[in-house]
Amino acid sequence: MVKQPSSEKPPAKRKRKTLLGWFVTQEEPDDDYLPELKSQWSTMDSAERAKFLMGAIVGALLFIGALILVYWLLSMMIG
């Protein structure tokens, strides 16, 4: 059988980013993110929204607590 050429373009090769470029360059915005987030939020009822927000608050508190704990441990080791 003869393979037929595909009409799709081959994916463009991405240039490998340097370490400095990784910190400096800006990523391309995701156009699908915000509309998808809005549609998911609109399908939630009030109980699910409250649960989501409580989870976000608890996660933020855990993250901040971990940062404070690491700071405290480092200050104890130094001082």
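User: What makes a residue buried or exposed?

Analyst: Buried means under 20% relative accessible area, exposed means over 50%, and partly exposed lies in between (1.4 Å probe, protein chains only). This is a predicted model: local features need pLDDT of at least 70, side-chain atom pairs count only at pLDDT 80 or more, and totals for chains, interfaces and linings use all residues. Residues are numbered from 1 along each chain as its sequence is written, and side-chain values use heavy atoms, leaving out hydrogens and water.

User: Why is Asp 30 called exposed?

Analyst: Its relative accessible area is 52%. The cut-off is over 50%. Therefore Asp 30 counts as exposed. Asp 30 sits in the loop between α1 and α2 (33-43).

User: Which residues form the negative surface patch?

Analyst: Asp 30, Asp 31, Asp 32 and Glu 36. Asp and Glu count as negative. Patch residues have over 30% relative accessible area and no salt bridge; like charges are joined within 9 Å, nonpolar side chains (Val, Leu, Ile, Met, Phe, Trp, Tyr) within 5 Å. A salt bridge is a side-chain nitrogen of Lys or Arg within 4 Å of a carboxyl oxygen of Asp or Glu.

User: Why is Leu 20 called exposed?

Analyst: Leu 20 has 63% relative accessibility, so it passes the cut-off. Leu 20 lies in helix α1. Together with Leu 19, Trp 22, Phe 23 and Val 24, Leu 20 makes a nonpolar surface patch of about 670 Å².

User: Where is confidence lowest, and where highest?

Analyst: pLDDT is the predictor's confidence in each residue, from 0 to 100. Helix α1 (residues 19-24) is lowest, at a mean of 78, and helix α3 (residues 46-78) is highest, at 96.

Definitions and conventions:
Helices (H or I, at least four residues) and strands (E, at least two) are DSSP runs, numbered from the N terminus. Accessible areas come from the Shrake-Rupley method with a 1.4 Å probe; for residues, only the protein chains shown count as cover. The place of a charge is taken as NZ of Lys, CZ of Arg, CG of Asp or CD of Glu.
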